[in-house]
Amino acid sequence: MSERISLLAAERAEEWLLKPGVYFMQGNIAAAEAALIAGCRFFAGYPITPSNEIAEHMARRLPQVGGYFIQFEDEIASINAIIGAAYGGVKSMTATSGPGFSLMQEAIGLAAMIEAPIVIIDVQRAGPSTGIPTLVGQGDIMQAKWGSHGDYEIVAYLPNSVQEMFDLTIEAFNTAWEYRVPVVVLSDQTVGHMIEKLRVPPLEEIRIVERRKPEVPPEEYLPFDSRYLVPPMAVAGEGYRFHVTALTHDDRGYPSTRHEVSEKLVTRLVRKIRENEKVIGRYESIMVDDADLVVVAYGITSRSALKAVREARREGLKVGLFRPITAWPFPYWGLREAVDRGASILVVEINMGQMVHVVREYYANITEIHSMPWAPGEVPRPHVILRKIKEVYPR
Amino acid sequence: MPGKVSLDVLVPIRGRRPLNLSKYARPVGRPVVNKDICKGCGFCIEFCPVGVLEFSQDVNSWGYQYPVIKKGMEGACVNCGMCERVCPELAIEVLEEPPVPYEVRWA
Amino acid sequence: MSGLRLGLRTEPIKSLLRLERFPHIWCPGCGIGTVVKCYIEAVLDSGIPIEKHVVVSGIGCTSRAPGYIKLDGFHVIHGRAIPFAVGLKTVRQDLEVTVIAGDGDILAIGGNHFLHAARRNDDINVIIVNNFIYGMTGGQYGPTTTPGSITTTSPYGFIEGAFNIPYLAAVLGANFVARWTPLHTKELTAAIMEMFKVDGFAVIEVVSPCLIYGEMNNLPPLEIMKAFRDRTVIDHEADLSKIDIDLRDPRKPIVLGNFVRRSRPSYQTLARELIKKARGGG
């Protein structure tokens, strides 16, 4: 029997990681480097514009840190492979764009159901369908949350800069492995391709989360122990000999058709994120405290919207910017104070209106909510957003 | 083509019986059926090389007939384990019994 | 060797079964239970520590197997057992990863993954239980259904062609290809043990009776098993292009054997070498 090589050639991996310092780097590359720093040692993907730089960079860098890169035959193979790798105990990632993200939805449901920690970078592009592969879009907001069938929760981040491509990718891994949930980094073509200043802190300053390992011997281990909101995770080949199935299952992992089993499982799967929404959810508020109109914008749109908001202020309008940094859980509580004060809302996005529905869900019965959809393929310029601000500004 | 093992091989006919046959013994087994796991597929019955088994007259709790040892064939089982191997349910297992010398036909 | 002992042969097998879930869901006359036992027997005799064996399956009757086996098991989504297994194996090359799934799961929805895993020569084992039908969903046709068969979605007779699995696997470059039946338990166990030793893509087709297929095509499982006794030919050198199966034709032999044994380096072996290369080790 030939000797089997065990885990990855992890020795000396740190030597090969990006050193702390200031860089001038592309968003996609920053995300790839961040993944390596977070401990990602497996990337499976399929080429799709505008995410290709991530795969190409991983192809070059992963073997250097002792990891593995596979360009699979399609996105479906890619997403299933990273789920397999996760159950081997290895942090894994894929990168794609809208059409590939659609192909991955069934497996995202699998990852949610079997609580496999994975990270998916979706560099959104103009859609629908093939759309404009090389230009920006923000049309996957709803798909990220509702793309697969059934009830489950995922976490999705909305980077708006190269620095955030770096920071939020690391956070994505932390969230995935802490909550055993698929996490999407909802980037877009502009943020992915822009080149900006990136500050990489010393490794000791970066928080990295590892999986919670079982604390009991194998005979007592329950892979989906519902006494925990997030069960400790055993991985293959360590003697736990557990069973994982995508069928509705009980704490032992065995399939069941009983309603009480379904209720227990599905409830826990959504509760583990919903009950932690205020810990996981993130946002940024700029000049919202006295605003009469709050502009809600995310990703690249938020950069343009911020300029419009500042210009509006110069013209005497009390406008603020609310920037969700997580699309899901949607940080609705960050708008509460402004809305209670009577501010109305304008949601600007590069789609036909997706996040606006979420905002309406929380606040439509309290205040006026305006939508500024923008057809994909272009970032709405600040003066266009400013025009809309003036149009809807409360008299 | 492999097929049923002829009884003649187990109990050689008189004219060709080796003179020291009594020094040798053949393995003996006793099939034990967990009848409430059996689904009545009939594989063990068909593939027993000696033909020791047949379907029961009654049915188990599922409604399936299950294998029983044929009348008069108790002791004919040679503990080959084919029934165990071919059973998809692990419903039949063979108890090892003391080997019998060849002089004896059936126990 | 004297004394009364029960279960000498079966106790070890039971030790790797989740007996609390027995009796299993497979029909009377289904061969999958026997395949599971042969797999377990091979695992026990493999010389590889038990905890390093992992089973991965998709959806279908055969794919229910991991649920009854007391090993790390992953019952994932339809057709995707192979990429899951490849991801797992690539990052954990200490594991012995075996996919156990059916003809439809691996060759219809999973066909593309089968194609490419064979091309890459991924170091995984794939046991395809071929019962010529989609049993779990009630008896629809699949990519190995014999032309002319009656199924729920071919009520007038199946008009498509069928894959010849060993031929396909061999052409795609698999390092090991075999075909056996649930009657040939010793050969099957031995072939599975061989599979574990192969570094590269290893495929065993197990031709199995199915009550559902049998009911619609007048092929009761016991009759199929008899055909496995009376109409099979073991020919390890067979011309694979000619060994398609038609269970309904009493004149057509069912050709079994260990057909292919190659030693192309596996993807995972080459990927390990890439690490050295990437670090400037050449």
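Modeller: What follows goes through the interfaces, one aspartate and the strands of this predicted model.

Colleague: How do you know which chains touch?

Modeller: By heavy atoms within 4.5 Å. On that basis 50 residues of chain C are in contact with 52 residues of chain A. Likewise, 29 residues of chain B are in contact with 38 residues of chain C. Chain A and chain B do not touch, and their nearest C-alpha atoms lie 19 Å apart. Of the 2 pairs of chains in contact, A and C share the most contacts.

Colleague: What makes the area between chain C and chain A a buried area, and how much is there?

Modeller: Buried area is accessible area lost when two parts are put together, summed over both. For chain C and chain A the loss is about 4300 Å², with 59% from carbon and sulfur atoms. On the side of chain C, I77(C), V91(C) and R279(C) lose the most area to chain A, together 18% of what that side buries.

Colleague: And for chain B with chain C?

Modeller: About 2900 Å² is buried there, 57% of it on carbon and sulfur atoms. R85(B), L90(B) and E96(B) supply 26% of the area that chain B buries against chain C, more than any other three residues.

Colleague: Why is the pair E73(A) and R120(C) called a salt bridge?

Modeller: The cut-off is 4 Å between a side-chain nitrogen of Lys or Arg and a carboxyl oxygen of Asp or Glu. E73(A) and R120(C) meet at 2.9 Å, N to O. That is within 4 Å, so the pair qualifies. The count between chain C and chain A is 1 salt bridge. The rule for polar contacts finds 21 residue pairs across that interface, both partners at pLDDT 80 or more.

Colleague: Which elements give two or more residues to the side of chain C that touches chain A?

Modeller: They are β3 (72-75), α3 (81-91), α5 (111-120), α7 (185-197) and α10 (267-278) of chain C. The largest share, 8 residues, comes from α3(C). By class, that side has 21 nonpolar, 11 polar and 18 charged residues.

Colleague: What makes K226(C) and E46(B) a salt bridge?

Modeller: Their side chains meet at 3.8 Å, N to O. The limit is 4 Å, so this pair also passes. Chain B and chain C have 5 salt bridges between them. They also have 15 residue pairs in polar contact, both partners at pLDDT 80 or more.

Colleague: What does chain B bring to that interface?

Modeller: The elements giving two or more residues are α2 (43-47), α3 (82-86) and β4 (92-101) of chain B. β4(B) gives the largest share, 6 residues. The classes on that side are 18 nonpolar, 3 polar and 8 charged residues.

Colleague: How do you know that a strand of chain A pairs with one of chain C?

Modeller: Pairing needs at least two bridges. Strand β10 (residues 243-245) of chain A and β3(C) have 3 bridges, in the parallel sense.

Colleague: Why is D250(A) called buried?

Modeller: Its relative accessible area is 17%. Buried means under 20%, so D250(A) belongs there. D250(A) is found in the loop between β10 and α9 (259-274) of chain A. Its side chain reaches the backbone nitrogen of R252(A) at 2.9 Å. Leaving out residues up to four places away in sequence, D250(A) touches F224(A) and V261(A).

Colleague: Last, what is chain B made of?

Modeller: Chain B has 3 helices and 4 strands. From the N terminus on, they run α-β-α-β-β-α-β. Buried residues make up 46% of its 107 residues. Of the contacts in chain B with a separation of 6 or more, 67% join residues 24 or more positions apart.

Note on methods. Residues numbered from 1 in each chain as written. Chains lettered and ligands numbered in written order. Predicted model: local features only at pLDDT ≥ 70, side-chain atom pairs only at ≥ 80, totals over all residues. Heavy atoms only, no water. Buried area = accessible area lost by both parts, 1.4 Å probe. Polar contact = N/O pair within 3.5 Å; in protein donor to acceptor, adjacent residues only side chain to side chain. Nonpolar A, V, L, I, M, F, W, Y, C, P; charged D, E, K, R; others polar. Buried < 20%, exposed > 50% of the residue type's maximum accessible area, 1.4 Å probe, protein only.
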